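Please read the points alongside the structure shown here.

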Amino acid sequence: MTEERTKKSIKILVVEDSRTQAEFLRYILEEEGCRVMLAEDGREALEEIEAYKPDIVLTDIVMPEMDGYELCRRIKSDDNTKDIPVILVTQLYDPADVIKGLESGADNFIIKPYEQSDIQRWIDSILPSLHKPDPDGPQNALIIRHSEKDYSINAGRTQILNILLSTYGVAVRKNSELEDAQERLNSLNEQLKEAVFDLKDTNEELVSENTERRRVENALAEANKKLQLMASITRHDIINQLTAMQGYLEIAMTLKEEEPDSAWESIDKAFSMIDKTKNTIEFTGDYQEIGMHTPIWQDMHTLVLNSLKHTQIGDIRFENVIPEGIEIYADSMIEKVFSNLIENAVRYGDKITYIRFRTEISGDKLKFICEDDGVGIRERDKEKIFSYEYGMNTGFGLFLSREILGITGIKIRETGKSGEGARFELLCPEDAVRNSGAE
């Protein structure tokens, strides 16, 4: 008889209270050519066995009323059915499951979860020994103690060996699956670590970008506010200057016949108003450039050197001892600030012999210093020199400097001693200065 015919002659009773699991087993077994009967519980199974006597009983262990162990015991205790192989379907969580199966007289196990290939291998392995008596014959009861409980086992060596081989094979396969899963887990863990590092880097970049964005937004808002204010101020000044010019010209027209000298004096005054208006318009052109471009990081040492190109210092000694690599976050016009400081020192320093740019640490803050040994600035003028009104008579350089620096929150003040020299300090917020050379 061929193996195919043997399979077709096998009649298997599947005892399973889950209809889904029962139909799945039926499908697999019928694919292998077996004839399949179904029973929902132990009692129905006993009735089917008495009526049709299957070649194999395949039973789940966990069932209501009568579990698989009890069903197996009843089958094995009946002389008419004791030769029917009983296969227990279990998840095999505990060694006690194997011992209970041996005690109940089970012939083998199918371990959940199973696949179609598992059932196929089981059928191929059990067919050769189907209905063959155990060569050891009936055995005396063997008492085994496990977990403080005694079990009585009558199984022969072949039966025990088959069950142990079956469970061992499952254990080997599960261990192999576990090792594969562990390898995949390790690989996923490495990928997760890389993802975490990437996420951390991305997060740091995002924080940096957000900080930079807020810094730019604040600078633009400050620039817009200053431009609106200055537009209002300069418009008012130009109107006043034009009004004064018109007045002087009207006076000149009135006096040109009777008092020509006085008329020419009025014309001279009108021309002075023209110069003031021209200076105001030029200032407006410079001022409107402030904040028009996004602030950037710039090297202080290089800025000071470049600013020297815009003025003549003659025999005055120039010292730039600001270390390279220190950067300041400022408006792109900041070079004008240093040019203006150098120009003012040359123009108003009188006895000046040197101009020095350096850094100074005050507490945990870094300051940039521009100092000279000229006549200095009188105490009462230290704050006035940065005002718009003061600049109308002496030039708007220091007023523009304060506005340019203020775009990114940098403050400028004069702290020198009158008669000993001027000293300008630039005070930067922590986020507006950095050392690009630091690791």
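1. A search of the whole structure, which is a predicted model, returns 4 aromatic pairs. Two of these are described individually below.

2. In the pair formed by phenylalanine 318 and phenylalanine 357, the ring centres are 5.9 Å apart and the planes lie at 50°, so the pair is tilted. Phenylalanine 318 belongs to strand 9 (residues 317-320) and phenylalanine 357 to strand 11 (residues 354-362); the pair therefore ties together parts that are 39 residues apart in sequence. Both phenylalanine 318 and phenylalanine 357 are buried.

3. The rings of phenylalanine 386 and phenylalanine 424 have centres 6.2 Å apart and planes at 90°, so this pair is edge-to-face. Because phenylalanine 386 sits in the loop between strand 12 (365-372) and helix 11 (388-394), and phenylalanine 424 in strand 14 (residues 423-427), the pair ties together parts 38 residues apart in sequence. Phenylalanine 386 and phenylalanine 424 are both buried.

4. Ring pairs also join Phe318, Phe338 and Phe357 into a cluster.

5. Helix 9 (residues 300-307) and helix 10 (residues 334-348) have axes that come within 8 Å and cross at roughly 55°. Helix 9 is therefore oblique to helix 10, and the crossing is right-handed.

6. On the helix 9 side, the contact is made by Met300, Leu303, Val304, Asn306 and Ser307; helix 10 contributes Ile334, Glu335, Phe338, Ser339 and Ile342. By class, the contact of helix 9 with helix 10 comprises 6 nonpolar, 3 polar and 1 charged residues.

Methods: Residues are numbered from 1 along each chain as its sequence is written. This is a predicted model: local features need pLDDT of at least 70, side-chain atom pairs count only at pLDDT 80 or more; totals for chains, interfaces and linings use all residues. Side-chain values use heavy atoms; hydrogens and water are left out. Rings of Phe, Tyr and Trp (its six-membered ring) pair if their centres lie within 6.5 Å; planes under 30 degrees apart count as stacked, over 60 as edge-to-face and the rest as tilted. Helices (H or I, at least four residues) and strands (E, at least two) are DSSP runs, numbered from the N terminus. Buried means under 20% relative accessible area, exposed over 50%, partly exposed in between (1.4 Å probe, protein chains only). Axes are lines fitted to C-alpha atoms, for helices over the stretch in contact, and angles run from 0 to 180 degrees between N-to-C directions. Angles under 35 degrees count as roughly parallel, over 145 as roughly antiparallel, 65 to 115 as roughly perpendicular and the rest as oblique. A crossing is left-handed if the near helix is turned anticlockwise from the far one by less than a right angle, and right-handed if clockwise. Contact means heavy atoms within 4.5 Å. Ala, Val, Leu, Ile, Met, Phe, Trp, Tyr, Cys and Pro count as nonpolar, Asp, Glu, Lys and Arg as charged, and the others, Gly among them, as polar.
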